[in-house]
Amino acid sequence: MSDLIDNPEEYFRQFIPERDQLLIELEEEARKEEIPIVGPIVGELLHILARATQAERILELGTATGYSTIFLARAFANPRGRLVTIDNDPDMAARAAANFRNAGLDRQIDMIVGDAQEKLSPMNDCFDFIFLDIEKEHYASVLPHCGRLMKPGGLMVADNVRFKDADSFNRLISKSSEWRSVNLFAYLPLHSPERDGLCLALRR
């Protein structure tokens with residue numbers, strides 16, 4: 001067996017994906033204002049997963065300034081792809097909407113302002129891909145809605161599952177007959193925080 005690489009965090013930091021100027025500006029803005037964003041590693045992972053699953057309908061819970069939303073919306077192979085994103089902060093939603101316009105993606109993104117659970121309750125859409133990134137204590141309570149709105153074979157990604165408040169979600173989805181899931185603990189350069197967990201779950 002080959003020896004492991006020394007200083008793995010320093011080593012893997014050199015492979016951070018390239019980003020355009022808009023995303024770099026959003027990263028700098030997030031650093032200055034302490035806005036938690038997924039960073040370029042998870043952003044690129046979301047893009048790859050959405051493209052690989054050929055997602056045409058994406059649901060995002062937790063928008064902030066729209067950083068992750070841009071990665072996801074850019075993954076659409078079909079120009080008629082639609083992304084619905086929900087955030088309960090009107091100021092953040094306004095900033096995100098401006099960033100969507102700057103990215104040329106505003107026609108593909110529906111920005112909804114309000115409590116995620118309240119906004120999900122009346123929905124009857126069918127999504128191919130869901131990204132979960134709201135307050136972690138609400139993950140478990142929105143999981144039934146995600147299951148209801150996800151097509152069979154659809155993929156959900158939940159961020160920040162290392163947080164204590166995500167414990168109930170982690171335990172619930174690991175035992176659920178509706179999902180096939182895996183939790184990954186990883187080093188994620190420029191993510192907030194950099195040593196965190198991701199849950200990937202396939203709707204049965």
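## Strand S1 and its neighbour

Four of the five residues of strand S1 are buried, so this strand is largely enclosed by the rest of the structure. The model described here is a predicted one. Strand S1 covers residues 57–61 and pairs with strand S2 in the parallel sense, over five bridges. Within this pairing, Glu60 has Thr85 of S2 as its bridge partner.

## The sheet as a whole

S1 belongs to an open sheet of seven strands, arranged in the order S3-S2-S1-S4-S5-S7-S6, with mixed pairing. At the edges stand strand S3 (109–113) and strand S6 (179–187), each of which pairs on one side only. On average, and with direction ignored, neighbouring strands of the sheet are turned by 15° against each other.

The pairing of S6 with strand S7 (residues 195–203) is antiparallel and consists of nine bridges. Here Tyr187 stands opposite Arg195 of S7.

Helix H5 (residues 90–103) lies across strand S2 (82–87) and S3, and runs at about 170° to S3.

Which residues of H5 are buried? They are Met92, Ala93, Ala96, Asn99 and Phe100. These residues cover an arc of only 120° around the axis, and therefore they lie on the same side of H5. The buried residues of H5 pack against helix H2 (21–33), helix H4 (67–73), S2 and S3. On the other side of H5, by contrast, Pro90, Asp91, Arg101 and Asn102 are exposed.

## The contact of H7 with H8

Helix H7 (residues 139–149) and helix H8 (residues 167–175) pack at an angle of about 35°, and their axes are 8 Å apart. H7 contributes Tyr139, Ala140 and Leu143 to the contact, while H8 contributes Ser168, Phe169, Leu172 and Ile173. Sorted by class, the contact has six nonpolar residues, one polar residue and no charged residues.

## Backbone exceptions

Most residues other than glycine have a negative phi, and most peptide bonds are trans. Some positions in this model depart from that pattern. Asn7 is not a glycine, yet its phi is positive, at about 50°. Asn7 is placed in the segment before helix H1 (8–13). Because its relative accessibility is 53%, Asn7 counts as exposed, the cut-off being over 50%.

Gln54, also a residue other than glycine, has a positive phi near 55°. Gln54 is found in the loop between H3 and S1. With a relative accessible area of 65%, Gln54 is exposed.

Where is Pro193 placed? Pro193 is in the loop between S6 and S7. The peptide bond from Ser192 to Pro193 is cis, with an omega near -5°.

How values were computed: Residues are numbered from 1 along each chain as its sequence is written. This is a predicted model: local features need pLDDT of at least 70, side-chain atom pairs count only at pLDDT 80 or more; totals for chains, interfaces and linings use all residues. Side-chain values use heavy atoms; hydrogens and water are left out. Two strands pair if DSSP finds at least two bridges between them. Helices (H or I, at least four residues) and strands (E, at least two) are DSSP runs, numbered from the N terminus. Axes are lines fitted to C-alpha atoms, for helices over the stretch in contact, and angles run from 0 to 180 degrees between N-to-C directions. Contact means heavy atoms within 4.5 Å. Ala, Val, Leu, Ile, Met, Phe, Trp, Tyr, Cys and Pro count as nonpolar, Asp, Glu, Lys and Arg as charged, and the others, Gly among them, as polar. Buried means under 20% relative accessible area, exposed over 50%, partly exposed in between (1.4 Å probe, protein chains only). The arc is that of the directions from the helix axis to the C-beta atoms.
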